[in-house]
Structures are given as structure tokens and as C-alpha cells.
Amino acid sequence: MDRRTSRVSRLIAVAFALALFAPLTAGTTLAASPSPSAQTNPDIVINARALLGGNVRPGSWTAVAVHVENTGPSIDGEMRIDSGQDTGSRYGLEVHLPSGAKQDLTLYAQTAIFGSRVNVDLVVGDQVIARQQVPIKSHDSYNPIIAVVAEQPQGMLTQINAAMTNPNVSAPSVIQLGVADLPPRVEAWAAIDRLVWQDIDASQMSEAQAEALRLWLGAGGQLIILGGTTGTTTLRGFDLPQDDLLPFDPTQTIDVAATDLVPLVGSLPTTAATTPAVGGLLRRGTVLARSGDDVIAAQSAYGRGEVTLIGFNPATDWLTTGSTASNLWHRLLPSSSNQALNPLTLPDDSQIVQAMQNLPSVDL
């Protein structure tokens, strides 16, 4: 086993360990008592939003980013998140809010099966002194979710939806995200199965977000990186000193003959023309398209997951006409993507919970 394979195997092991022990490693506390009624404190302002655009899978971990401000006297309490159901578990973190405090934190919880919102509360003693309701959208565990992070995602969302429509299988949900929507811990990536990325500088991700992406990939996620209007500049953020994700080295932008794209798009329309594409030398994996000595599309495994790099822009006019776009997206998102394969999704963890209760060392 080479060093890269060994590292990826360790990432996979860490991913599952984090998913199982998230309440403990995050400093999260659980409470089973009913939620106290809220009595608003005008000195406290809470702004909260669910990450991944509020898209969640029941029973899996969800991340909520919280910004809280205190303009009054100092407060010690607990920032708590719950499903809004009296019988549901709640998860929280202790907070100290001196006068004038402005704090950012991320809360993690497992959402209810039929939930449409979660409550974010600031609790002092037994009293809720500030509350914000955060909307979420719950998806079936077997409904695949394709997330798109792109500078101009509108046309791409339309293309993917059209290409993946199939009356014989469950249609995937295609959602639009920004870099700020990506959780900093891998447990909360359970809602997405595929991630499509274009024209956004990957270096905008925090170190925690980048590591969560790698753990998600190692556990079975799929990342599709597309060329666009920025050349190689937005791709370098995927290469960090300790690891790299790209299957080929994006060193230059070249003009590619339309016939070089036939392996990916099939029959060419009459409007097919020379197209700019990022190219370079293969690092690992399988070549999907080549122009002369340059690889312009390739795919490689990463742990149990997969990374695909397409050097050209699918939004180029002639690539969006007729069956060309459909052929391309079926190649990038094959029929297997119509099955949710995300191993971070744990819709029923009752057996795990029962087993954990028999271990005194992890007693809450």
C-alpha cells in the first residue's frame, strides 16, 4: 500500500469515527427535557442559517452557523439547537457573552424525520431569552442530491435537471451553494452525494472546510470540477501541500478541436467549433479526453470517492444545444448517481446508540 492510499484509508476511518462520536468531539450536550418557552431579551440578537442551503437528511447531522450579539449586561448560558418537537433531543454549546460581544459559532444536530425548521435558542438557566427559527428542507434518504458551487450556476442547474430527468427513477435534487454554505465538519456533509464546482477559487475554503471535503470524498463522495472562464487560476486551491485532488496538472489553456470532445459529448452539432480548455499532464486515473499531448479531461479515485476534472466550459454555446449537453452530463453523472450512496447518511442509528449505552467510558 503506497503512502497516498494509506493516507486516504486513514481519512475514511476518521470520517466514520467523527460521524459516530460527533456529539462528544464537538463539545455538544444533549437535553431530553421539554423546551422552555421563550421570553425575548431585547439585548440579544441571533442570526442563524442552516449550512448546505438548509438541505438535510433525517437522522443525519446538520450544521447551523450562528452569529450572536449582546448589547446588554454579560450573559453566561447555552446556545442550543433543537427540532422544535417536545420529545426531540437538543444539542448545545456553552457560551459566554460579555457586554458588546459579537460571536460566531457552528451548532450540529440530528434533524427530525418530518421537520421543516429547527430552533436556535440562547438559554440561561431554564429560560430561553432569545430564539430564531431556521428553515430546513428535508430530503428522502434515497433521493440523490447534486450540489453546484459556481460563479454562474443558473444554466448549469437547468442542464443537469434536464439531463437527469428519468420517469423510471427518482429524480435527483439539484441545489445551488456558495463556499460559505459548506460545513467545516464532515458529519454535516451527509445531505449531498455529488458536488459540481466551477469558476470559484477553491482557496476560499477554510482549512476545516477543505479537510471536510477530503473526508467526504474518502468516504464515497464525488467531485466534478469544470473548466470555465478563469483558466487555471481557480483550480490551484484544490492542491494543498499535504495532498492534491486533481487527476491531471492544469498547467495551461489551449484551443481544442471539437472532435477532441467526442468521447464526452457524442455526435457533434453543426455549430461545433474550436473551444478553449485547460490542459496538462496526467497525474493519476483515467483519461476521458485528450488534445494532442495534453489531457483535457480525466477521472481518478480518491479513497472510496472519485474526482473528475473537465478542462472545458460546458456552458459554451454549442455544447448546450441538442443532445450534446445531455450526453455530457450523463457521462459526468451516470445512472448510478440516481442512487444515494453517501455513507455518512445514517437514517436509523438506534442499534449504534444502544451499543454505546453499554460502554461506561462514553457515558454522557
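This is a predicted model: local features need pLDDT of at least 70, side-chain atom pairs count only at pLDDT 80 or more; totals for chains, interfaces and linings use all residues.
The secondary structure comes to six helices and 21 strands, and buried residues make up 50% of the 364 residues in the protein. Among the contacts with a separation of 6 or more, 72% are accounted for by residues 24 or more positions apart.

**Helix α5 and its surroundings**

- Helix α5 spans residues 324–332, and its buried residues are T324, A325, L328, W329 and L332.
- Seen down the axis of α5, these buried residues fall within an arc of 120°, so they line one face of the helix.

**A buried acidic residue, D294**

- D294 lies in strand β20, which covers residues 294–302.
- Although D294 is buried, it has no salt bridge, and the nearest side chain of opposite charge, that of R290, is 7.9 Å away.
- The side chain of D294 is instead joined to the side chain of Q252 by a polar contact of 3.1 Å.
- When residues up to four places away in sequence are not counted, D294 touches Q252, I254, G279 and G280.

**Residues with a positive phi**

- L52 is not a glycine, yet L52 has a positive phi of about 55°.
- L52 lies in the loop between β2 (44–50) and β3 (55–56), and L52 is buried, with a relative accessible area of 2%.
- D199, which is likewise not a glycine, has a positive phi of about 60°.
- D199 is found in the loop between β13 and α3 (207–218), and at 14% relative accessibility D199 counts as buried, because the cut-off for a buried residue is under 20%.

**G125, a loop residue**

- G125 lies in the loop that runs between β8 (117–124) and β9 (127–135).
- At 62% relative accessibility, G125 counts as exposed, because that term applies to values over 50%.
- G125 and E78 are 47 residues apart along the chain, and their C-alpha atoms are separated by 8.5 Å.

**P276, a strand residue**

- P276 lies in strand β18, which is made up of residues 275–279.
- With a relative accessible area of 48%, P276 is partly exposed.
- P276 touches T253, I254, D255 and F312, when residues up to four places away in sequence are not counted.
- The C-alpha atoms of P276 and T316 are separated by 9.5 Å, while the two residues are 40 residues apart along the chain.

Key:
Residues are numbered from 1 along each chain as its sequence is written. Side-chain values use heavy atoms; hydrogens and water are left out. Buried means under 20% relative accessible area, exposed over 50%, partly exposed in between (1.4 Å probe, protein chains only). Helices (H or I, at least four residues) and strands (E, at least two) are DSSP runs, numbered from the N terminus. The arc is that of the directions from the helix axis to the C-beta atoms. Lys and Arg count as positive and Asp and Glu as negative; His and the chain ends are not counted. A salt bridge is a side-chain nitrogen of Lys or Arg within 4 Å of a carboxyl oxygen of Asp or Glu. A polar contact is a pair of N or O atoms within 3.5 Å; within protein, one must be able to donate a hydrogen and the other to accept it, and residues adjacent in sequence count only if both atoms are side-chain atoms. Contact means heavy atoms within 4.5 Å.
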